[in-house]
Structures are given as structure tokens and as C-alpha cells.
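Grab your viewer and work through the exercises below. Try each task on your own before reading its solution.

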Amino acid sequence: MRVSRFYMPLLRETPAEAQIVSHRYMLRAGLVRQASAGIYSWLPLGFRVLSKIEQIVRVEQDRAGAIELLMPTLQSAELWRESGRYDDYGKEMLRIKDRHERDLLYGPTNEELITDIVRSTVRSYKELPRILYHIQWKFRDEIRPRFGVMRGREFLMKDSYSFDLDAAGARRSYNKMFVAYLRTFARMGLKSVPMRADTGPIGGDLSHEFIILAETGESQVYCHKDLVDMPVPEAVDFDGDLEPIIRQRTSLYAATDEKHDGDTFAQIPAEKQLAARGIEVGHIFYFGTKYSKPMNAKVAGPKGEDLLLEMGSYGIGVSRLVGAIIEASHDEQGIIWPEAVAPFRVGLISLKVDDEATRKVCEDLYGKLENAGVETLYDDTEERAGAKFSTFDLIGLPWQLIVGPRGLAQGLVEIKNRKTGERQTLPPEAALNFLTRKS
């Protein structure tokens, strides 16, 4: 994509309302624009990141055996009355009426709707277990939406739901999502720590939050330091026994402030104690028959008996992850995107667009990078060099490929690694080979 044709409205000054790093950089780098309090339009650069994150989440859900569908944003209030949550949920739920005075709500989550779908379509134990998921916009009317997409009112979420015949089966489904989450966040360049957590309005008695550590995190967290760098499971057999992985991750202390036990934490050797700030990026729950019982969601068992479905739910804040990644990966110049979620992998910078030799080399490199499948943002504008460097540092693409007359006089171009700041000069073909080999 050529910068001259791309839509990337940057801000040189930090908006007064932006209180945290991710909000400041998302506005300045032209990722989002606020439509109203806690509601954002996703501009092209931000939408590319959002789509990359969404696809990683989708791939790992599919790998774990979950099946994708799509449920609507608006739900019938009758389902929520049936479960008993309509009045209990509070003012965070946006309640509306249609022209026929029927009560609707903008879904903050989908336990009721998915339970209704399954109870009306699944009749026999032979059709279980099942894990169903979708990636859909949600709405929760936060009293004080702040911190940009980190605590907005409208947000994109992956929520999956498991249905099993008994508690043992439900635990196996829970374990699948637990491991899938570890893999999902690792693929985004994040180190996530699962921590025992409160179940909140979802319910149940087993729950883990997946926390990434960041100085600007909203939560105080406590854990054993070994959990932070524990290797992520590779080549997982999701139909096998995942308990050893779960035990490895849960045998060491890890708790959010709500679940923190100071006495237990004090028993950890001092050099292994970690008290830090963290950001929740995922939350999983096992809640048994909390929804299936009031909604009469049953299947016929092996002996013809009625069995209530054992359920769990599993959420990932897809849009929230955009902000969380920035909070965990930035410097004073701007964002530092992990390669897997970067809107473009390479920023090609022409230092002198009216120089014929520079233009020719840039066009050649741009064409070859694009043909090799390397997503490239080519700055072909007449902006001064310093401004171009500031822009590409701000938007945080993993690699910068810099071409100018002075280097070309020696037959060289420059490559800069955004994360490390390391620079190297190479002939154009060698630079091309370097960037395509790493893609």
C-alpha cells in the first residue's frame, strides 16, 4: 500500500482525553476515532490490526475443536428473564424496545442465546460434547468509559461456550480452552499468566483470568515469577489428556487482587515473588448447570434419561487486545507491533521521491516485496525525511527499509528493526532477501 493512497490521519499532538499510552498512540497513529463516549470507529490501520488478532483467535479456537457460528447483537429479553439475569445484570445492559414494544437488549454476552440454540437443536448425548464460538460486537454501558478501547462500551469479543454431559467432560472442555488461550496470546507476542479469578455476573465456581503484565495495567496481580516465562505448549493433542499442562500452570501461585492471599504468597521465596500491574485479556468460566437448569436445556442420556447440560463460557477481548498489546509493547517514539499482528510488516521509506535512482529502486523493492507476500507500506510522499521517520516509529511497523541517494551512491539501502533499533546496510537485493526470508 502506498502512503499517498492510504487513509492514515495522524495527530501530532496528544488529545487531552487520552490518559494511558495505548489510548494516546491509537489516536495519534490513526488507528481509531471516538464516535461517542466509549465507542470507536476503527480506521484502516487499526482495522488491519484488529483483523490480524481476530484471525489468530479464530485459528486457535478451530485447532482446539471449537466450531464457529454467528449470533446477533440484539437478543430477546425473554431469554434473560428465563435465566433470571435480566433484572440482576444491572445498568450495564442496554435495554431497548422495538416498534411492537417487545423488550430487547444489546448483548453483553451470549450464555442465554447459545443455550436456547443448543436446547432446541441437540437432543441426544451422542451429539455431545460441543464447543461453539463466535466473534461479535458486544455492548456494556460502563458508567465511566475510559482508557480508549481498554474500557469501552462497545467492543469486539470472542466468546465460546461448551456443552457436556457431566462435570468431568466439562472440565476437559475447560482445559481445551485454557491451553488454547495460552497458545493464542503467545502467538501475539504476549506472555500471559492464568490466575484464579472471581466469576462475577457470569457465575460458577471455577474461573481463570489470563493476565499480561504491563506497568499501566488496571489490576494489581501477584504470582510466582516462573509462570511468566513458562514455555507455551507446542504440538498439542487437544483430544488427549491436558491435565499435566493445566497442573503445571496452576501449581504455582497466581492471583488477582480480589483473590490474593498474602500469607500464601509470603511462602514463595522472596526472589521468586512478583507483584505487578496486569491487564486482563481473557477470562474462562465453568458454571455447570447455572443456565441449563432454569432454561431446561437437556438431552437424552444413554439410558433414555434426561441429563442437564454442563456448561462453560470463554471470552477473549479482541478489540481490547489491540490496546493491551500497545501497553505491553511501546517506547517513547510510539507503538512496537509484534510481527503477527502488525498492520504492515515493512515500512518502505523513500528519502527523496524526486530522485530518479531512488524512485526506481523503491518501486522495484515495493513490487518484489508485495509479490513475495510481504505486506508493505510504501511512503512515496514528498514529506521531509524526519517526519517520515517519526511517522513510521509512531505506527510501529516491525521493519523499516530506508532508501536514499546517499546510500544508493554506495549501492546500499538501510534496514531498521523497530523493536531493537538495530540498523544494517545492505545492497537492495540482499535487503529484499533478508525481509522475505523472515516473513
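Predicted model: local features only at pLDDT ≥ 70, side-chain atom pairs only at ≥ 80, totals over all residues.

Residues are numbered from 1 along each chain as its sequence is written, and side-chain values use heavy atoms, with hydrogens and water left out.

**Exercise 1.** Work out the strand order of the open sheet formed by five strands.

*Solution.* Start with the definitions: strands (E, at least two residues) and helices (H or I, at least four) are DSSP runs, numbered from the N terminus, and two strands pair if DSSP finds at least two bridges between them. The order comes out as E20-E19-E21-E22-E23, with mixed pairing. At the edges sit E20 (376-379) and E23, each pairing on one side only. From one strand to the next, the twist averages 20 degrees. Now zoom in on E22 and E23: they run antiparallel and are joined by four bridges.

**Exercise 2.** Which residues of H12 (residues 428-437) are buried, and where do they point?

*Solution.* Apply the cut-offs: buried means under 20% relative accessible area, with a 1.4 Å probe and protein chains only. That picks out Ala-431, Leu-432, Phe-434 and Leu-435. Viewed down the H12 axis, the buried residues fall within an arc of 160 degrees (directions from the helix axis to the C-beta atoms), so they line one face of the helix. Next, list what they pack against: E19 (346-350), H9 (356-371), E21 (399-403), E22 (413-417) and E23 (423-426).

**Exercise 3.** What is the geometry of the aromatic pair formed by Trp-399 and Phe-434?

*Solution.* Rings of Phe, Tyr and Trp (its six-membered ring) pair if their centres lie within 6.5 Å; planes under 30 degrees apart are stacked, over 60 edge-to-face, the rest tilted. The structure holds 13 such pairs. Trp-399 and Phe-434 come out edge-to-face, at 5.2 Å centre to centre and 85 degrees between the planes. Trp-399 sits in E21 and Phe-434 in H12, so the pair ties together parts 35 residues apart in sequence. Both Trp-399 and Phe-434 are buried.

Methods: Buried < 20%, exposed > 50% of the residue type's maximum accessible area, 1.4 Å probe, protein only. Contact = heavy atoms within 4.5 Å. Axes fitted to C-alpha atoms, helices over the stretch in contact; angles between N-to-C directions.
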